[in-house]
Structures are given as structure tokens and as C-alpha cells.
Amino acid sequence: MNYYETWVDLLPGVKDLEFTDAVDRYLSKLTEMGRIEGFSIKRRKFGFGPEVLGEFNITMSVKDLAQLDSAFMIVAERDGEIEKLHAAVFSKVCNYKSALYRDFPDEVRKR
């Protein structure tokens, strides 16, 4: 499994549940479409964590990079329902950071 990790902070005035509801609608749609396998939304607890990473962490799980590319391609169209759902998320955040992780050792790893 591969994990597309994002970290964000909320723009001033954005309510936390308004943001997480928007993320849930957006990523649930990508999951229904088979573009991602699933996701989780996490929030820093008690302020623990490096300041450089945002208060919220969103993990999107994908089988492989082809599936991730498929998700990127539909979002990159910037059209239709996906664009509305995506805009409802990115219009609420700042300080975006991202990373790509994988389970390790990989299934194909020879020892």
C-alpha cells in the first residue's frame, strides 16, 4: 500500500468540523470512484508535533502509483463535481505540505 500524506493548517475563521466534513465528502467520492482505497483525517493532539507540519494530517491510501496518478488526473481536470468538492477543501487551508510513503518492506522485496 502507498500513502499520500498531506499536512495543512486552517485559514483564519475556518471551523474545524466544516473543514473535516468537506474533506470527508471529497475523499469519500474519490474512494467510491475507485481512485483511492481509503483515507483518514487526523489532528495534532495537545500541540505535539513539529511546527513545520500542519495541525491536520490527511492520509490517502492507494494500491499503487497508477491508482494515485488516476486520482491526480481526475482532480487535475478542475471540472464537475470533483472540482467543487476539491475547492471546498483547498479554499479552507494554508501551509500545505505533502509526502509519499509506502509499506515497508515492500511485497516484492527479496531478502
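This is a predicted model: local features need pLDDT of at least 70, side-chain atom pairs count only at pLDDT 80 or more; totals for chains, interfaces and linings use all residues.
**Exercise 1. Decide how many residues of strand β3 are buried, and which way their side chains point.**

Solution. 

Step 1. Buried means under 20% relative accessible area. In β3, which spans residues 56–62, seven of the seven residues are buried, so the strand is largely enclosed by the rest of the structure.

Step 2. Sort the residues by direction. Phe 56, Ile 58, Met 60 and Val 62 point one way from β3, while Asn 57, Thr 59 and Ser 61 point the other way. Residues on both sides are buried.

**Exercise 2. Describe helix α1: its span, its buried residues and what they pack against.**

Solution. 

Step 1. Helix α1 runs over residues 16–32, which makes 17 residues. From its first C-alpha to its last it reaches 24 Å, close to the 24 Å expected at 1.5 Å a residue.

Step 2. The buried residues of α1 are Phe 19, Thr 20, Ala 22, Val 23, Tyr 26, Leu 27 and Leu 30. They cover an arc of only 160 degrees around the axis, which puts them on the same side of α1.

Step 3. Turn to the face of α1 away from its buried side: this face carries the exposed residues Leu 17 and Glu 32.

Step 4. The buried residues of α1 pack against β1, β2, β3 and β4 (93–102), and also against the helices α2 (65–76) and α3 (80–90).

Step 5. Just after α1 comes Gly 34, with a positive phi of about 80 degrees.

**Exercise 3. State where Gln 67 lies, whether it is buried or exposed, and which residues it is in contact with.**

Solution. 

Step 1. Gln 67 is part of helix α2.

Step 2. With a relative accessible area of 6%, Gln 67 is buried.

Step 3. Neighbours within four places in sequence are left aside. Gln 67 is then in contact with Gly 34, Arg 35, Ile 36, Glu 37 and Val 62.

**Exercise 4. Work out the surroundings of Tyr 3.**

Solution. 

Step 1. Tyr 3 belongs to strand β1 and is partly exposed, its relative accessible area being 22%.

Step 2. Beyond neighbours within four places in sequence, Tyr 3 is in contact with Thr 59, Met 60, Ser 61, Ala 99, Leu 100, Tyr 101, Arg 102 and Asp 103.

Step 3. With Asp 103 there is a polar contact of 2.9 Å between the side chains.

Step 4. Compare sequence and space for Tyr 3 and Phe 39: they are 36 residues apart in sequence, and 9.0 Å apart in space, C-alpha to C-alpha.

Terms used
Residues are numbered from 1 along each chain as its sequence is written. Side-chain values use heavy atoms; hydrogens and water are left out. Buried means under 20% relative accessible area, exposed over 50%, partly exposed in between (1.4 Å probe, protein chains only). Helices (H or I, at least four residues) and strands (E, at least two) are DSSP runs, numbered from the N terminus. The expected span of a helix is 1.5 Å times one less than its number of residues. The arc is that of the directions from the helix axis to the C-beta atoms. Contact means heavy atoms within 4.5 Å. A polar contact is a pair of N or O atoms within 3.5 Å; within protein, one must be able to donate a hydrogen and the other to accept it, and residues adjacent in sequence count only if both atoms are side-chain atoms.
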